Amino acid sequence: MTVLRGAGADVREDGVPRHAEIGTLELESGFRLPEVRLAYETWGVLAPDGSNAVLVEHALTGDTHVAAGRARPGAPEAQRRAAESGGWWDGLVGPGAAIDTDRYFVVCANIVGGCYGSTGPSTPAPAEVDPERRPWGSRFPLVTVRDSVHAEAALADALGIDAWRLVIGGSMGGARALEWAVTYPERVRACAVVAACAQSSAEQLAWGQAQNLAIRQDPDFRGGDYYDGPFPVTGLGLARRIAHITYRSADELHHRFGRTPQAEEQVIDTHPGGRGRYQVESYLDHQASKLAGRFDANSYLAVNETLMSHDVCRGRGTLEEALSVTSCEWLVAAVDSDRLYLPRESDVLAAALPGDVRRHTLTSPSGHDGFLIEAPQVGKLLVETVLARP
Ligand SMILES: CC(=O)SCCNC(=O)CCNC(=O)[C@H](O)C(C)(C)COP(=O)(O)OP(=O)(O)OC[C@H]1O[C@@H](n2cnc3c(N)ncnc32)[C@H](O)[C@@H]1OP(=O)(O)O
Ligand SMILES: N[C@@H](CCO)C(=O)O
């Protein structure tokens, strides 16, 4: 394992990609995943006693760039521009924000199985697995949420972080945050679980299956070993369309798009199959092609399976029994219009936590994606609850 103790403590360099080699990861399935690398970025400076570290967990297709940052003086232009580019939780993380990077040392790591720098299906397999070092592809194993947390614990060790002041995430990030607090209760002082639940529900599993099948049935998928040929972008795009509908609310889609045709496209056409698109179809086409342009289909399957594996109770008894080991402060928040992670599922989580934890609400017309869009509300809740005290 590469020892990075104190990394980030000497030079202030924010939002710049780094890597940690964490060695072999023992998975819940019994599979031993060798030569695991985690990509991560940091913001701020780690306090000498390590007490100001915050872990931000990204959602399904997220990356390590949670907020804009700054490369060190003299860094190559491309690195400077990448560091300064906007992040997916800008407004929540940054100088003067609720997660104030002038005060906290913020870490965001790409999940194992992802395609933003951490070991995943597109990574060349080690020589012991494949002497030709072809990508893992179809051979990449199931990595559960719990496995991913074990990997991040190795990263925390490497960074010299004994305990997190806060672990926070939304959606799959919330699942990861919750799993942290239960797997390593002594290492989490506060935990924020936003738009997430204790166990992936039957309906969430059902949506997950439909997305996975969309990818697997693309002829270009070829069982997952497609890296030498065309990528299954049609299947990946279809998976994203299915998912994206669940990420937004019916009311929002109605008010934004209604039944309006896209630009001058004709939706009433006498030629079967020849009609133009409704605006909402064009919108989904756009979301699909954007994801297909930035994400690997095998990684999509991998992280979707990770999310489907989410069950904080597995091997730990009832929900109350599983959560009884935790001793941190909590923020549990749901988006009022979320039809994928229902507010009542957050209620179940809050009610089962030790102590008197109540569920908070993010008000948004946007549905599940409200956890990203309403970043200022998330920040306000944080400073009113788990970050109220130093
Ligand atoms: C937590 C994480 O780690 S997730 C990592 C970041 N996540 C993502 O990037 C996921 C994908 N992105 C998203 O889901 C959204 O962009 C969010 C949630 C981040 C923001 O949501 P919103 O601001 O409401 O964006 P919205 O869903 O309206 O999408 C806007 C896009 O749709 C396009 N669009 C809007 N209407 C139409 C239409 N009729 N036809 C075609 N495209 C359209 C816009 O041009 C815009 O395109 P752009 O993103 O390329 O600039
Ligand atoms: N749009 C987010 C939401 C998933 O929860 C993502 O793609 O990660």
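Which residue in S6 does Tyr40 stand opposite? I looked it up, and Tyr40 faces Ala109. One thing to keep in mind throughout: I'm working with a predicted model.

**The sheet**

I find S2 (residues 32–43) pairing with S6 (residues 105–109) in the antiparallel sense, over four bridges. In general, strands in a sheet pair through backbone hydrogen bonds, and the pairing can be parallel or antiparallel.

Next I traced the whole sheet. I get an open sheet of eight strands, and I wrote down the order as S1-S2-S6-S3-S7-S8-S9-S10. The pairing is mixed. At the edges I have S1 (18–26) and S10 (359–362), each of them pairing on one side only. From one strand to the next, the twist averages 25°.

Then I checked what packs on the sheet. Helix H10 (residues 343–352) does, touching S8 (190–194), S9 (329–335) and S10. I noted that its direction makes about 165° with that of S9. Helix H12 (residues 375–384) packs on the sheet too, touching S8, S9 and S10. For H12, the angle with the direction of S9 is about 155°.

**The hairpin at the edge**

I went back to S1 and its partner. S1 and S2 are antiparallel, paired over seven bridges. Which residue in S2 stands opposite Glu26? My note says Arg32. There are five residues between the two strands of this hairpin, and Gly30 takes a positive phi near 100°.

**Two domains**

I have the protein divided into domain 1 (18–201 + 311–384) and domain 2 (204–306). Note that domain 1 is written as two stretches. The C-alpha centres of the two domains lie 26 Å apart. How many residues of domain 1 are in contact with domain 2? I have 28 from domain 1, in contact with 21 of domain 2. On the domain 1 side of that contact, I count eleven nonpolar, 15 polar and two charged residues.

**Ligand 1**

Here I listed 17 residues around the ligand, and the ones that come nearest are His58, Ala59, Gly62, Ser282 and His286. By class, the shell has five nonpolar, ten polar and two charged residues. Which helix gives the largest share of the shell? H7 does, with five residues. Helices H7 (279–294) and H11 (370–373) each supply at least two. I also checked the domains: domain 1 and domain 2 each give at least three residues to this shell.

**Ligand 2**

Around this one I wrote down Ala59, Leu60, Thr61, Gly62, Ser171, Tyr247 and Asp369. By class I get three nonpolar, three polar and one charged. Ala59 and Gly62 were already in my notes, being among the residues that come nearest to ligand 1.

**What UniProt says**

I looked up the record last. An unreviewed UniProt entry puts the feature "active site" at Ser171, Asp338 and His368. Why do I say they gather at one spot? They span 198 residues in sequence, yet no two of their C-alpha atoms are more than 10.8 Å apart, so one spot it is. Ser171 is in the loop between S7 (166–170) and H3 (172–183), and Ser171 is also one of the residues I listed around ligand 2.

For "binding site", the unreviewed UniProt entry lists Arg240 and Asp369. I found Arg240 in helix H5 (residues 233–247). Asp369 is another name from my ligand 2 list.

Methods. Residues numbered from 1 in each chain as written. Chains lettered and ligands numbered in written order. Predicted model: local features only at pLDDT ≥ 70, side-chain atom pairs only at ≥ 80, totals over all residues. Near = placed C-beta within 6 Å. Nonpolar A, V, L, I, M, F, W, Y, C, P; charged D, E, K, R; others polar. Pairing = 2+ DSSP bridges. Axes fitted to C-alpha atoms, helices over the stretch in contact; angles between N-to-C directions. Contact = placed C-beta atoms within 7 Å. Domains from an automatic or database assignment. UniProt positions renumbered as here; feature names shortened; annotations may be inferred.
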